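Trainee: I want to learn how to read the features of a model. Where do we begin?

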Amino acid sequence: MLILALESSAKAASAALCRDGVLIAQSQQCSGLTHSCTLLPMAEQMLKDTNIALSDVDAIAVARGPGSFTGIRIGVSTAKGLAWGAQKPAIGVSTLEAMTRGAAYADGIYCACMDARKGQIYNALFDWTAGTLLRRTEDRAIAISELSQELQTISGPVYLIGDGAKLVFDTLKDENLPLQLLPEHLHQQRASGVALAAMEKIAANETGDAAALTPNYLRQA
C-alpha cells in the first residue's frame with residue numbers, strides 16, 4: 001500500500017510517501033510562505049525525485065483538522081484535487097492522531113496540543129503501549145486549565161507534542177504534573193504521521209471518498 005500524505009494544518013507544511021508504513025520520502029517547509037504556494041509543488045517534486053507517478057499511488061491522505069482554518073482548507077482541497085484527478089481514494093485523518101503516531105517512541109500518555117488561540121488549545125490524549133495507540137479522549141478545543149485538571153488523574157509520563165506543547169508546558173510546569181516536553185524536531189506535525197494514521201483506517205476497511213472529505217475545524221472561529 002503506497003500512500004501520498006499531506007500535512008498543512010499548522011505553520012509547517014509537509015508531504016510524504018509511505019509504503020506499508022515505511023517512509024520512502026518526506027519533504028517539509030516552515031519558510032513562512034503560504035501552504036498554497038508550497039504544498040502541491042513539494043508533493044509533485046517528491047514524486048518526481050522518487051520516480052513514482054501519481055497513478056502508482058494507492059491513496060491520498062491528508063490531515064483534516066483541527067488546526068489552522070486556512071491550512072486545513074488548503075490541505076483538504078489539494079488532497080481532493082489529486083484524488084479526483086488520479087481517481088484515487090482520499091482519506092482524511094485527525095491532525096492530533098497523526099502527530100502522535102509520528103512522534104510516539106516510548107510507552108506512556110501522549111498529549112497532543114495545538115494553539116487554538118482565544119485561551120484554548122486543540123487537544124486529544126492517547127495511550128501508546130507496545131506499539132499500539134489507543135485514544136483516551138476525542139479531539140476537542142479546551143482551556144489549558146481544564147486539561148490540567150484531567151492530567152492530575154494520570155500517573156506516569158505525559159509526553160507533550162504539537163505546536164502548542166511548549167505553551168502547555170510553560171503554563172503547567174509549576175503544577176507538579178509528570179509532563180515531558182518532547183524535542184523541538186518532534187513538535188511540528190509531519191506528513192509521515194498522516195500516512196501512518198491513514199494506514200490504520202485502511203486496515204479497518206474504511207474507504208476514502210474524495211467527495212465526502214471535509215475539514216474538521218472543531219469550532220466555528
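Mentor: With helix packing. Angles of 65 to 115 degrees count as roughly perpendicular, under 35 as roughly parallel, over 145 as roughly antiparallel, the rest as oblique. Axes are lines fitted to C-alpha atoms, for helices over the stretch in contact, and angles run from 0 to 180 degrees between N-to-C directions. Helices (H or I, at least four residues) and strands (E, at least two) are DSSP runs, numbered from the N terminus. This model is predicted: local features need pLDDT of at least 70, side-chain atom pairs need 80 or more, and totals for chains, interfaces and linings use all residues. Numbering starts from 1 along each chain as its sequence is written, and side-chain values use heavy atoms, without hydrogens or water.

Trainee: At what angle do α4 and α5 pack?

Mentor: Two packed helices are described by an angle and a distance between their axes. For helix α4 (residues 144–151) and α5, the angle is about 70° and the axes are 11 Å apart. α4 and α5 are therefore roughly perpendicular.

Trainee: Which residues of α4 and α5 meet?

Mentor: Contact means heavy atoms within 4.5 Å. Ile144, Leu147, Ser148 and Leu151 come from α4, and they meet Leu167, Val168, Thr171 and Leu172 of α5. By class, this contact has six nonpolar, two polar and no charged residues. (Nonpolar: Ala, Val, Leu, Ile, Met, Phe, Trp, Tyr, Cys, Pro; charged: Asp, Glu, Lys, Arg; polar: the others, Gly among them.)

Trainee: At what angle do the axes of α3 and α6 cross?

Mentor: Roughly 105°, for helix α3 (residues 95–103) and helix α6 (residues 191–203), and the axes come within 7 Å. That makes α3 roughly perpendicular to α6. The contact of α3 with α6 has four nonpolar, two polar and three charged residues.

Trainee: Which strand gives the most to the lining of the second largest pocket?

Mentor: Strand β5 (residues 90–93), with three residues. This pocket's volume is about 160 Å³. Its lining includes Arg64, Lys201, Glu206 and Asp209. The classes there are four nonpolar, four polar and four charged.

Trainee: How many cavities of 30 Å³ or more does the search find?

Mentor: Two, over the whole structure. The largest cavity has about 40 Å³. Among its lining residues are Ala98, Met99, Leu186 and Arg190. Lys11, Cys30, His35 and Thr38 are among its lining residues. Its lining has three nonpolar, five polar and one charged.

Trainee: How many aromatic pairs are there?

Mentor: Rings of Phe, Tyr and Trp (its six-membered ring) pair if their centres lie within 6.5 Å; planes under 30 degrees apart are stacked, over 60 edge-to-face, the rest tilted. The count is three. In one of them, phenylalanine 69 and tyrosine 217 have ring centres 4.7 Å apart and planes at 40°, so the pair is tilted. Phenylalanine 69 is in helix α2 and tyrosine 217 in the segment after α6, so the pair ties together parts 148 residues apart in sequence.

Trainee: Last, the backbone. Which peptide bond is cis?

Mentor: Most peptide bonds are trans, and most residues other than glycine have a negative phi. The bond from glycine 65 to proline 66 is cis, with omega near 5°. Proline 66 sits in the loop between β4 (59–63) and α2. Asparagine 176, not a glycine, has a positive phi of about 55°. Asparagine 176 lies in the loop between α5 and β11 (179–181).

How values were computed. 1 Å grid on protein atoms, 1.4 Å probe; cavity = no way out; pocket = protein on both sides within 12 Å on 5 of 7 lines; lining within 4 Å. Points joined across faces, edges and corners; volume = space filled by probe spheres on them.
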